[in-house]
Amino acid sequence: MAPTTKSSKKATAGKPAPAQKYIIDYSGPANDKIFDAAAYEKFLIDHIKVGGKTGQLGEDVKISTETPGQLAVTTQIPFSKRYLKYLTKRFLKKNLMREWLRVVSTSKNTYTLKFFNVAFGDAADEE
């Protein structure tokens, strides 16, 4: 018979999850004064779910301003980066900015808000 191995789940069950830090860079729209950083931070605090409940971040999730134009979300629990993108897009839609801004992943733990590249009048000028 083959030797039995112990499950690795028991060995890692006692260890807390490592802290994850996600950064959302909104410096471009904030410099043009079309993005309200305080409203966005409040939106995240009110809408992030922890344990199935919104608005109760506790010690598990911390939201802070990293630098002017950047927001850092630090979590002690398993947390999806994609969930931050979903909430950001929801905020943009609620504030009628979704048509001009998009959320782009620029690195493993960073999202950036960028303007859509829109060129008006190029096709009309040629005809």
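Predicted model: local features only at pLDDT ≥ 70, side-chain atom pairs only at ≥ 80, totals over all residues.

Residues are numbered from 1 along each chain as its sequence is written, and side-chain values use heavy atoms, with hydrogens and water left out.

**Exercise 1.** Work out the strand order of the open sheet, and find its edges.

Solution. Start with the order: 5 strands line up as S4-S5-S1-S7-S6, with mixed pairing. (Strands are DSSP runs of E with at least two residues, helices runs of H or I with at least four, both numbered from the N terminus; two strands pair if DSSP finds at least two bridges between them.) Next, the edges: S4 (61-65) and S6 (101-107) each have a single partner strand, so one side of each lacks a neighbour in the sheet.

**Exercise 2.** Describe how S1 and S7 are joined.

Solution. First, S1 (residues 20-25) runs parallel to S7, and 3 bridges join them.

**Exercise 3.** Is Phe-115 buried, partly exposed or exposed?

Solution. Begin by placing Phe-115: this residue lies in strand S7 (residues 110-115). Now apply the cut-offs: buried means under 20% relative accessible area, exposed over 50%, and partly exposed in between (1.4 Å probe, protein chains only). With a relative accessible area of 33%, Phe-115 is partly exposed.
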